Amino acid sequence: MAAVPKPALARALLQQCTSARLQVKPPEHGAEAEWVEIQRGLVIYICFFKGADEDLVPKIESQVLDVLCPRIWGRRETVFTMMRNHLLGVQISA
């Protein structure tokens, strides 16, 4: 009998960009929204689904690092050394 696959608890999207802007605080009572911006770099967007818990964060981190920092000649090389900016966006879905 085939194993039943577990439902996904998170998804990650990595996108290289020439610039990016992320709203970190919505406008409130007459105050403007707050934004962070990067120029050329990498946007890492992570969405956690219902059922995800804090134990999942190190697993996602490890998988993203495996993509971003492959082992070359026996040591990890990081794409962050090649790109000056990166932006991490996290969404928790209920």
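How many salt bridges does a search of the whole structure find? I looked, and the answer is one. For my own record, a salt bridge here is a side-chain nitrogen of Lys or Arg within 4 Å of a carboxyl oxygen of Asp or Glu.

**Ground rules.** I am working on a predicted model, where local features need pLDDT of at least 70 and side-chain atom pairs count only at pLDDT 80 or more, while totals for chains, interfaces and linings use all residues. Residues are numbered from 1 along each chain as its sequence is written, and side-chain values use heavy atoms, with hydrogens and water left out.

**Layout.** I went through the elements and got one helix and seven strands. Read from the N terminus, the order is β-β-β-β-α-β-β-β. Both kinds of element are DSSP runs numbered from the N terminus: helices are H or I with at least four residues, strands are E with at least two.

**Whole-chain numbers.** The chain has 94 residues, and 21% of them count as buried. I use buried for under 20% relative accessible area, exposed for over 50%, and partly exposed for in between, with a 1.4 Å probe and protein chains only. I noted an accessible surface of about 7800 Å², with 56% of that belonging to carbon and sulfur atoms. These areas come from the Shrake-Rupley method with a 1.4 Å probe, and for residues only the protein chains shown count as cover. Next I took contacts (heavy atoms within 4.5 Å) between residues at least 6 apart in sequence, and 64% of these join residues at least 24 apart.

**Back to the salt bridge.** Which residue does Glu 34 pair with? The partner is Lys 25, and the closest N and O atoms are 4.0 Å apart. Glu 34 sits in strand E3, which covers 34-38. I put Glu 34 down as partly exposed because its relative accessibility is 41%. Lys 25 gets the label partly exposed too, because its value is 38%.

I then listed what else Glu 34 touches. Setting aside neighbours within four places in sequence, Glu 34 is in contact with Leu 22, Gln 23, Val 24 and Lys 25. Leu 22 belongs to strand E2, residues 20-25. Between Leu 22 and Glu 34 I have twelve residues in sequence and 8.6 Å from C-alpha to C-alpha. Leu 22 comes out at 30% relative accessibility, so I call it partly exposed.

**Surface patch.** Leu 22 turned up again, this time with Val 24 and Val 36 in a nonpolar surface patch of about 200 Å². Patch rules, for reference: residues need over 30% relative accessible area and no salt bridge, with like charges joined within 9 Å and nonpolar side chains (Val, Leu, Ile, Met, Phe, Trp, Tyr) within 5 Å.

**Rings.** I searched for aromatic pairs and got zero. The test was ring centres of Phe, Tyr and Trp (its six-membered ring) within 6.5 Å, with planes under 30 degrees apart called stacked, over 60 edge-to-face and the rest tilted. Trp 35 did give me something: Arg 21 lies over its face, 4.0 Å from the ring centre. A charge sits over a ring if NZ of Lys or CZ of Arg is within 6 Å of the ring centre and within 35 degrees of the ring normal.

Where does His 29 lie? I found His 29 in the loop between E2 and E3. His 29 has a positive phi of about 40 degrees and is not a glycine. Most residues other than glycine have a negative phi. With 88% relative accessibility, His 29 therefore counts as exposed.

**A buried one.** Is Ile 46 buried or exposed? Ile 46 counts as buried because its relative accessibility is 9%. Ile 46 is part of strand E4, residues 41-48. I also checked Val 64, 18 residues from Ile 46 along the chain, and the two C-alpha atoms are 10.0 Å apart.
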